[in-house]
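Reader: I'd like to go through the charged pairs first, then the packing. Can you start with the terms?

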Amino acid sequence: MRTARYLLIEMIDEWRHRQLTHMMHHSVHTPLLGIARSLLASGMLLALVATPTTHLFYVSATRPTGLVCDGISGYFGLFCLVPTQYLELARWVAVAILLVVTAGWRPRITGVLHWWVSFSFYSSTNVMDGGDQVAAVITFLLIPICLTDDRRWHWYRGIEHRPDHPVARVVSHMTLLLIWIQTSLLYLQSSVEKLKVPEWRDGTAVWYWLTMPPFGANQFLQPSVTWLLSHAPIVLAATWGTIAIEFFVACTLFAGHRLRRCAAVLALGLHTSIALVIGLPVFSTMMFAVLLLYCFRPGDPRLSLSSPRLSSHDRRTAESTAEPISKGVSP
């Protein structure tokens, strides 16, 4: 019994050592993180620029001011801090912040501002498509990663001015793990909840969604979509395929890089079709960013078109140069 106990402790210590070594050798602050942040910002930027203030904050009997300022959003939400006559100005302030985030300047400064705009948009406006909620959660989880990011631009490969502190490495990696768990749960819930609806179980849900006037296919795609929907096998494949892809993405939380890349291709194809057919580009852009963070992780082998495996020389070179990224080098 004591032998089994000590063996278990030794295995846990070995696993912890491997994880800490991995964290020290692979920085979270990569250009891929920059791409994800820019996608999150550009998606919300598109929504703010393309939607007039009167639509963002439309006045109704239940919302006489057009604003939703309940709870904590009423205390520090961007659109709740200004008088209603200055909502247009607040919208363009948010646009300016998102432009800076998209450009990639100073993640340490813009990380909190990015979340502030995302939270304010989600909690105060009347326009919701699901992507705003995703952005509010992910940008909040990205705050510790951004606060430990000392790069001038998030397109650089590493810390620009000083060595990355070990505590900062651990904090950023653990925060990224929370983003992976959140993403897995998001896709798991989406797939499981669909199974509770009879139309998703019998394979007809996609037909209903694409023929429903508020959510139907875009007008220029209507003839092609109508023809496709007239074939039962295609409708079944699209309906059950959506559930299968979402469940597969959820199950790759702790999978190897090959399965995660396969999941990324399938999920990116799914969200691209949602953007083109249903017309939800903002939502799809947000999900592209989340998938990049979830499927392509620090320490994964680089994509290569020449050979799927590293040669022994390349492996030895990679191992010899696998040091913590401490000097900022432009890619």
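Author: A salt bridge here is a side-chain nitrogen of Lys or Arg within 4 Å of a carboxyl oxygen of Asp or Glu. This is a predicted model, where local features need pLDDT of at least 70 and side-chain atom pairs count only at pLDDT 80 or more, while totals for chains, interfaces and linings use all residues. Residues are numbered from 1 along each chain as its sequence is written, and side-chain values use heavy atoms, with hydrogens and water left out.

Reader: How many salt bridges does the structure hold?

Author: There are 7. In one of them, Arg 108 pairs with Asp 150, with the closest N and O atoms 3.5 Å apart.

Reader: Is Asp 150 buried or exposed?

Author: Asp 150 is buried, at 13% relative accessibility; buried means under 20% relative accessible area, exposed over 50%, and partly exposed in between (1.4 Å probe, protein chains only). Arg 108 is partly exposed at 30%.

Reader: Switching to packing: what does Leu 142 touch?

Author: Leaving out residues up to four places away in sequence, Leu 142 touches Leu 33, Arg 37, Leu 40, Ile 179 and Leu 293. Contact means heavy atoms within 4.5 Å.
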